[in-house]
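User: I'd like to learn how to read a few local features in a model. Could you walk me through them, please?

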Amino acid sequence: MNRAEREAAARRMMEQVPPPVPPELYGDVVRRGTRSLRRRTLARRLMWLLLCAASVAFLVWAMMARPWVEPPSQTTPPYTGW
């Protein structure tokens, strides 16, 4: 099948009248769309809640552990000069 034949076949397909859609299909589509929208909204809220909880946990840990402070020395330096 060359290019002209493919273009002619595509034109014939696009000129055809689309088949009728059953009327009860609309209700099913709306119900599924609403359900998926609710799931997506719930997932987004849970992710935000998880992010906030992780941020609070990190801040509490950082305030308690204070990782930016140098730990105290375990040994004393040698005392010379007396």
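User: Where is Arg66 found?

Analyst: This is a predicted model, and Arg66 is found in the segment after H2.

User: What is the phi of Arg66?

Analyst: The general idea first: most residues other than glycine have a negative phi. Here, the phi of Arg66 is near 45 degrees, a positive value in a residue other than glycine. Arg66 counts as partly exposed, at 45% relative accessibility.

User: Thanks! And how do I read aromatic pairs?

Analyst: A pair of aromatic rings is described by the distance of the centres and the angle of the planes. Searching the whole structure gives one aromatic pair. Its rings belong to Phe58 and Trp61, with centres 5.8 Å apart and planes at 35 degrees, so the pair is tilted.

User: Where do Phe58 and Trp61 lie?

Analyst: Both are in helix H2, which covers residues 24-65, and they are three residues apart, about one turn of the helix.

User: Is Phe58 buried or exposed?

Analyst: Phe58 is exposed, because its relative accessible area is 51% and exposed means over 50%. Trp61, at 45% relative accessibility, counts as partly exposed.

User: Good. Which residues form the positive surface patch?

Analyst: That patch is formed by Arg32, Arg35, Arg38 and Arg39. Take Arg35 as an example: it is found in helix H2 and counts as partly exposed at 34% relative accessibility.

Terms used
Residues are numbered from 1 along each chain as its sequence is written. This is a predicted model: local features need pLDDT of at least 70, side-chain atom pairs count only at pLDDT 80 or more; totals for chains, interfaces and linings use all residues. Side-chain values use heavy atoms; hydrogens and water are left out. Rings of Phe, Tyr and Trp (its six-membered ring) pair if their centres lie within 6.5 Å; planes under 30 degrees apart count as stacked, over 60 as edge-to-face and the rest as tilted. Helices (H or I, at least four residues) and strands (E, at least two) are DSSP runs, numbered from the N terminus. Buried means under 20% relative accessible area, exposed over 50%, partly exposed in between (1.4 Å probe, protein chains only). Patches are made of residues with over 30% relative accessible area and no salt bridge: like charges are joined within 9 Å, nonpolar side chains (Val, Leu, Ile, Met, Phe, Trp, Tyr) within 5 Å. Accessible areas come from the Shrake-Rupley method with a 1.4 Å probe; for residues, only the protein chains shown count as cover. A salt bridge is a side-chain nitrogen of Lys or Arg within 4 Å of a carboxyl oxygen of Asp or Glu. Lys and Arg count as positive and Asp and Glu as negative; His and the chain ends are not counted. The place of a charge is taken as NZ of Lys, CZ of Arg, CG of Asp or CD of Glu.
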